[in-house]
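Please consult the sequence and the model shown here while reading.

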Amino acid sequence: QVQLAESGGGSVQAGGSLRLSCAASGRTFNNYVMGWFRQAPGKEREFVAAITWSGAGITYIDSVKGRFTISIDNAKNTVYLQMNSLKPEDTAIYYCAARTQYAVQYNNWGQGTQVTVSS
């Protein structure tokens, strides 16, 4: 069974940086896509970024392009989200998710980690 554990959330001022980590376990992930999502208070959960396990395919939502970087360490089974130039509107619970390359939806989720950006 796939298990995802996020860490690295916290509180920062606008313009600051945080790095989120997602440790994956429970199986081999060679044909998986790993994603980061976020949910702000009163809003629906939204996609932030995704990366194929090989690292060859990367996508971002427009609002984080140039500020966030997703990466993967295959040896550690860990996915990272480096977040720079943080804005108050980035405040949300951030979730790590996983799906196979052929799945339409993500069906494995972590418990989430809170990111709070103050102005």
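Glu-46 is partly exposed, with a relative accessible area of 30%; the term covers residues between buried (under 20% relative accessible area) and exposed (over 50%), computed with a 1.4 Å probe on protein chains only. The model is predicted, so local features need pLDDT of at least 70 and side-chain atom pairs count only at pLDDT 80 or more, whereas totals for chains, interfaces and linings use all residues. Residues are numbered from 1 along each chain as its sequence is written, and side-chain values use heavy atoms, with hydrogens and water left out.

**Salt bridges**

- A salt bridge is defined here as a side-chain nitrogen of Lys or Arg within 4 Å of a carboxyl oxygen of Asp or Glu, and the count by this rule is four.
- Side chains of opposite charge can pair when their charged atoms come close.
- Glu-46 forms a salt bridge with Arg-38, at an N to O distance of 2.6 Å.
- In contrast to the partly exposed Glu-46, Arg-38 is buried, at 6% relative accessibility.
- Asp-62 and Lys-65 also meet through their side chains in a salt bridge, with 3.0 Å from N to O.
- Of these two residues, Asp-62 is exposed at 60% relative accessibility, while Lys-65 is partly exposed with a relative accessible area of 49%.

**A salt bridge between distant parts of the chain**

- Arg-67 and Asp-90 form a salt bridge in which the closest N and O atoms are 2.7 Å apart.
- This pair links distant parts of the chain, 23 residues apart: Arg-67 lies in the loop between strand S6 (58-60) and strand S7 (68-73), and Asp-90 in the loop between strand S8 (78-83) and strand S9 (92-100).
- Strands are DSSP runs (E, at least two residues), numbered from the N terminus.
- Both Arg-67 and Asp-90 are buried.
- A network of salt bridges links Arg-38, Glu-46, Arg-67 and Asp-90.

**Disulfide**

- One disulfide, meaning a pair of cysteine sulfur atoms within 2.5 Å, is found in a search of the whole structure.
- The disulfide joins Cys-22 to Cys-96, with the sulfur atoms 2.0 Å apart.
- The pair connects distant parts of the chain, 74 residues apart, with Cys-22 in strand S3 (residues 18-25) and Cys-96 in strand S9.
- The disulfide is left-handed because the torsion about the S-S bond of Cys-22 and Cys-96 is about -75 degrees.
- Cys-22 is buried, with a relative accessible area of 0%, and Cys-96 is likewise buried, at 1% relative accessibility.

How values were computed:
Helix = DSSP H or I, 4+ residues; strand = E, 2+ residues; numbered from the N terminus.
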